[in-house]
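Please set the sequence and the model side by side before reading on. The text below goes through strands, core, loops and charged pairs in turn.

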Amino acid sequence: QVQLVESGGGLVQAGGSLRLSCAVSGRTFSRTFMGWFRQAPGKERDFVASISWSGVSPRYADSVKDRFTISRDNAKSTVYLQMNSLKPEDTAVYYCAGKDENSHFRGTYNYWGQGTQVTVSS
């Protein structure tokens with residue numbers, strides 16, 4: 001059974017930083033394409049960032065580019081999302097997700113975590 005467990009969420013002031021972690025078990029992490037998504041109250045779940053098996057050429061939503069960094073440690077089966085210069089509009093539940101296809105644009109995310117709340121106060 002594949003499990004994704006997020007951690008690192010919390011309350012932070014605007015301009016602050018947080019690092020989210022997502023630990024993966026139950027499948028070969030180095031062959032799992034990973035992404036981060038977020039869902040604000042009353043809104044749809046949106047893409048935030050994604051990273052390939054090797055970690056080369058990650059992809060970001062325009063709204064977080066130059067502020068957020070996605071990375072992975074295959075030895076620890078963990079993907080990270082470093083969030084800097086946080087804004088109130090970054091407030092959301094953040095989810096990590098995984099898929100088999102090693103592509104930013106192909107395949108379906110089949111594996112999802114339970115989410116972690118990030119709240120940015122103004």
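Strands β7 (residues 68-73) and β8 (residues 78-83) pair in the antiparallel sense over six bridges. Here strands (E, at least two residues) and helices (H or I, at least four) are DSSP runs numbered from the N terminus, and two strands pair if DSSP finds at least two bridges between them. The model is a predicted one, in which local features need pLDDT of at least 70 and side-chain atom pairs count only at pLDDT 80 or more, while totals for chains, interfaces and linings use all residues. Residues are numbered from 1 along each chain as its sequence is written, and side-chain values use heavy atoms, with hydrogens and water left out.

Within this pairing, Ile-70 has Leu-81 of β8 as its bridge partner. Four residues lie between the two strands of the hairpin, and Ser-77 takes a positive phi near 55 degrees there. In a regular strand the side chains alternate between the two faces of the sheet. Strand β7 has Phe-68, Ile-70 and Arg-72 on a covered face, and Thr-69, Ser-71 and Asp-73 on an uncovered one.

On its other pairing, β8 joins β3 in the antiparallel sense, again over six bridges. One of the bridge pairs is Arg-19 with Gln-82 in β8.

The torsion about the S-S bond of Cys-22 and Cys-96 is about 50 degrees, so the disulfide is right-handed. Are these cysteines buried or exposed? Cys-22 is buried at 0% relative accessibility, and Cys-96 is buried with a relative accessible area of 0%. Buried means under 20% relative accessible area, exposed over 50%, and partly exposed in between (1.4 Å probe, protein chains only).

Next comes the nonpolar core, a set of buried Ala, Val, Leu, Ile, Met, Phe, Trp, Tyr and Cys residues joined through side-chain atoms within 4.5 Å. The largest has 27 residues, of which Trp-36, Leu-81, Met-83 and Tyr-94 touch the most other members. Two or more residues each come from β3, β4 (33-39), β5, β7, β8, β9 and β11 (116-121). The largest share, four residues, comes from β3.

Turning to the loops, Trp-53 lies between β5 (45-51) and β6 (59-60) and is partly exposed at 24% relative accessibility. Beyond its neighbours within four places in sequence, Trp-53 is in contact (heavy atoms within 4.5 Å) with residues including Phe-33, Arg-72 and Asp-100. The C-alpha atoms of Trp-53 and Asp-100 are separated by 9.6 Å, although the two are 47 residues apart along the chain.

In one of them, Arg-27 meets Asp-100 with the closest N and O atoms 3.0 Å apart. This pair joins the loop between β3 and β4, which holds Arg-27, to the loop between β9 and β10 (111-112), which holds Asp-100, 73 residues apart. Arg-27 is partly exposed at 24%, and Asp-100 is partly exposed at 37%. Another salt bridge connects Glu-101 and Arg-106 (3.4 Å, N to O). Salt bridges that share partners also join Arg-38, Arg-67 and Asp-90 into one network.

Most residues other than glycine have a negative phi, and most peptide bonds are trans. Asp-66, not a glycine, has a positive phi of about 75 degrees; Asp-66 sits in the loop between β6 and β7 and is exposed at 79%. Ser-85, also not a glycine, has a positive phi of about 50 degrees and is found in the loop between β8 and β9.

Key: A disulfide is a pair of cysteine sulfur atoms within 2.5 Å. A salt bridge is a side-chain nitrogen of Lys or Arg within 4 Å of a carboxyl oxygen of Asp or Glu.
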